[in-house]
Amino acid sequence: MTCDEAQVVLSARLDGEERDAARARAAEAHAAGCVACARFERHATLAREHLGAAAAASPGGGAPDLAGSVLARVRREAAGDRPDQAGPAPAAPQRRRRSPLPAAAVFLAAALAAAVLVHTSTGREGTGVAAADLPERVVAAQHDVRALEARLGLVERGWNPAVPERRFRGRLSYRAPETLSLTLDDRTDYPPGGWPANDLRLAVAEDRWEVSGLRDCPSPAQPACTPANPDRRSTSGRPPFSPASPAPLELIMPVQSFALAGTTASLPPAPVDGRPTVGIETTAAQVGPLLDALRPTGNLRLVHPADTVRLRLDEETLVPLRVSVRAAPGADRRAWAQARGYTERAGDTVLDLTVSDLVVNGEPTGLPAGDGTDAAPDGGPADGGFVDGPVSVDEVPDPDGLPPGLAPHRTGHARTAGGPRVAVRTWSDGRAWLALSATADWPGGRLFGDLGTLVRRVDLGPAGVGYLSEDGTRLALHAAGRDLVLTGSVERSLLVGAARGLGVVGTAVPDTWAEAATADVGDAVDAMAPLSLLLPPALDGFAPPALRVDDGWVVASFVGAGDRAFLLEQGPAAKLPPPSDADDVVPVTVRGRPGRFAPPRGELEWFEGGAVVRLRSLTLARGELLAIADRLAPA
């Protein structure tokens with residue numbers, strides 16, 4: 001069954017018009033393994049829910065004017081009336097069993113309804129936040145959250161066959177930009193046999209943090225592998241906004257989960273704790289940073305990156321109010337669950353987080369007392385290596401292009417054993433932050449700032465050249481006598497603007513440095529010649545690729561919101577080499593050619609035009625990789 005055929009049947013089934021049970025089952029089976037058709041079905045379902053909810057809320061129970069215009073557009077297209085299209089309409093495909101709404105028209109209705117029919121969940125006039133606007137709105141809203149307090153309720157299912165459901169109650173308190181407390185108390189009624197409670201405690205207070213919770217261990221080994229006493233770690237000298245220390249800011253505002261986000265399906269109206277919400281349906285990979293924020297330590301279950309997430313944000317503040325995760329279908333997901341001892345079926349809810357009693361920008365009462373931490377069991381906290389203190393502009397320049405509203409925060413110096421002395425200045429505005437680090441002692445070989453080897457060159461005009469990390473959150477400059485890196489939660493344009501205003505001229509890295517292989521599309525095309533370089537067109541939800549050329553191979557890294565990312569590798573070869581682990585490989589058809597897929601590595605591989613081509617991702621499902629492969633074209 002083709003995608004067009006499947007989508008017609010799925011649409012007919014939703015309308016109650018599909019009478020052929022065998023065709024309905026075939027379409028459902030097709031959608032279970034096809035990301036495009038699964039997304040179509042979700043959009044169509046949500047569109048009908050939206051239209052139903054809107055009709056019920058509108059005066060007289062009729063559909064609102066906007067929905068009527070959308071449906072009128074669909075009917076015109078279905079009838080071949082395309083006033084915006086010059087010339088006659090193309091002939092309709094012959095293999096159609098029903099004609100009222102072609103698949104493309106149904107998808108148009110679903111997409112438009114999902115984008116614009118977002119109503120408040122209380123029936124009152126709301127802010128009109130649409131799913132298409134959410135990424136920009138969330139990134140901007142972080143500047144407005146200066147404090148937060150809320151209660152948390154977490155339900156986890158499928159963690160262990162002997163404990164089908166676990167329940168937690170907790171509290172989250174936050175004062176911008178770096179002081180917070182997170183607690184989760186295990187309220188589960190465990191069976192006899194030594195099951196310890198999975199209580200969690202996290203306190204962060206500027207330069208100190210402490211976390212306490214059970215050690216994580218695999219489900220099949222429970223409960224014997226879990227010590228009765230929790231692990232406890234504590235650190236002082238914490239660098240500002242350190243990614244190495246647990247500080248779950250995504251629970252306050254999910255900036256990482258929305259920066260670079262593409263189009264998502266919006267959810268019909270529903271309140272959470274009496275508050276109107278705006279909701280989307282996405283994958284666990286997109287909100288990976290938000291889900292990870294719940295487990296700075298402890299023994300919570302894992303979710304698969306392809307699992308379906310329904311996320312609801314407070315309509316006024318865009319703070320997360322509910323996160324519900326459902327198991328995705330597919331053989332790859334089932335194999336993943338089986339390897340971890342999980343027994344849920346597709347569609348089962350495996351994690352459900354609810355936020356209640358939310359107070360934003362009040363005076364939080366649950367913050368850490370004093371310095372926020374106590375002495376660790378081993379006699380004291382570990383040393384994070386950062387010393388707060390004044391930093392001169394000779395060490396770290398004052399950016400002329402600082403984003404508006406950001407005020408000076410912590411400054412100081414960091415040094416690791418045998419490493420360079422690094423000076424740091426930071427700025428903050430609510431949950432938003434920016435940090436600038438600089439050193440005159442960098443030994444070279446790679447860029448300062450831990451950007452990785454896949455970076456993008458950025459033209460900074462009079463400020464020379466900079467290098468941007470794959471996800472756009474770190475920008476490094478190699479200058480005469482010093483190396484610098486800017487990082488933060490602000491959008492990429494503000495990061496680049498701040499770099500341009502440093503009064504520092506960045507230069508290209510030496511040929512011996514790892515990033516010297518960084519390429520643009522023209523470089524990559526030349527490296528593959530006379531073979532064709534295959535690249536996808538601009539992908540919704542992904543930044544432009546970071547490219548490099550190594551020994552005739554071209555590697556392109558695509559990064560999206562949260563944990564969504566994939567690598568595209570291609571290089572000359574006579575044929576597709578044998579797999580190194582044949583037991584883990586399944587045959588697939590890629591772009592009409594024989595290929596193979598290795599689920600443990602998330603690797604799709606095939607031979608085309610004298611080259612081996614690989615798509616690799618641990619956060620995109622097989623169907624998504626196949627869909628990306630289908631879109632590849634010569635650059």
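Modeller: Two strands pair if DSSP finds at least two bridges between them; the strands (E, at least two residues) and helices (H or I, at least four) are DSSP runs numbered from the N terminus. This is a predicted model, so local features need pLDDT of at least 70 and side-chain atom pairs pLDDT 80 or more, while totals for chains, interfaces and linings use all residues. Residues count from 1 along each chain as its sequence is written, and side-chain values use heavy atoms, with hydrogens and water left out.

Start with strand 28 (603-608) and strand 29 (611-616), which run antiparallel and share 6 bridges. Step back, and 8 strands make an open antiparallel sheet, in the order 21-23-24-25-29-28-27-26. Its edges are strand 21 (518-519) and strand 26 (586-590), each with pairing on one side only. Lying across strands 25, 26, 27, 28 and 29 is helix 12 (622-631), at about 35 degrees to strand 26. Contact here means heavy atoms within 4.5 Å; axes are lines fitted to C-alpha atoms, for helices over the stretch in contact, with angles from 0 to 180 degrees between N-to-C directions.

Now the rings. The whole structure holds 7 aromatic pairs (Phe, Tyr or Trp rings, the six-membered one for Trp, with centres within 6.5 Å; planes under 30 degrees apart are stacked, over 60 edge-to-face, the rest tilted). Trp159 and Trp195 are 5.8 Å apart at their centres with planes at 65 degrees, so they count as edge-to-face. Trp159 belongs to strand 1 (147-160) and Trp195 to the loop between strand 3 and strand 4, so the pair links parts 36 residues apart in sequence. Both Trp159 and Trp195 are buried (under 20% relative accessible area; exposed is over 50%, partly exposed in between, with a 1.4 Å probe and protein chains only).

Phe241 and Trp433 are stacked instead, 4.5 Å centre to centre with 5 degrees between planes. Phe241 is in the loop between strand 6 and helix 7 (255-258) and Trp433 in strand 16 (432-439), so this pair joins parts 192 residues apart in sequence. Phe241 is buried at 8%, and Trp433 at 12%.

Back at Trp159: together with Tyr190 and Trp195 it forms one aromatic cluster. Arg166 lies over the face of Trp159, 3.6 Å from the ring centre (NZ of Lys or CZ of Arg within 6 Å of the centre and within 35 degrees of the ring normal).
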